[in-house]
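Have the sequence and structure open.

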Amino acid sequence: MAATENPRETVLAFVKALNEEDFDRARTYVNDDLSFEGVLGSRQGAEAYFQDMTRMRLKYDVKKVFSDSTDVCIFNDVTMSGAKILVASWYHVDQGKIRSLRVVFDPRPLLATKAA
């Protein structure tokens, strides 16, 4: 599998591969210099991002997808540490591969599970 020229298809194929824990396939949709910014931290480079993904093994339940040229936004429920959290993910696709990902969510349910 390789990245497609359609940003929406690229992002959805990436999320599907993550859900299936096929991290090698997911990696084919991402640029080497991936930039990730999230509520709880940031990562520079695909290697650092995938180290986290293979450890966390998140599951994404896609609710809505919006796309505009090379930008794709997904609203999805993500199960993290046993908590289901609504997440907005903004992907930027450049030359058929995901170059950046920004994630926004309310971390309180996640923090509550860690405090317990």
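## Nonpolar core

Of the 33 residues in the largest nonpolar core, Phe-14, Leu-18, Tyr-49, Phe-50 and Tyr-91 touch the most other members. Such a core is a set of buried Ala, Val, Leu, Ile, Met, Phe, Trp, Tyr and Cys residues joined through side-chain atoms within 4.5 Å. Buried means under 20% relative accessible area, exposed over 50% (1.4 Å probe, protein chains only). Helix 1 gives the most to this core, with 6 residues. Helices (H or I, at least four residues) and strands (E, at least two) are DSSP runs, numbered from the N terminus.

This is a predicted model: local features need pLDDT of at least 70, side-chain atom pairs count only at pLDDT 80 or more, and totals for chains, interfaces and linings use all residues. Residues are numbered from 1 along each chain as its sequence is written, and side-chain values use heavy atoms, without hydrogens or water.

Phe-14 is in contact (heavy atoms within 4.5 Å) with Ala-26, Tyr-29, Val-30, Tyr-49, Phe-50, Tyr-91 and Ile-98, leaving aside neighbours within four places in sequence.

## Helix 3

Helix 3 spans residues 46-56 and buries Ala-46, Tyr-49, Phe-50, Asp-52 and Met-53. These cover an arc of only 155° around the axis, which puts them on the same side of helix 3. The arc is taken from the directions from the helix axis to the C-beta atoms. Exposed Glu-47 and Arg-55 sit on the face turned away from the buried side. Arg-57 follows helix 3, with a positive phi near 50°.
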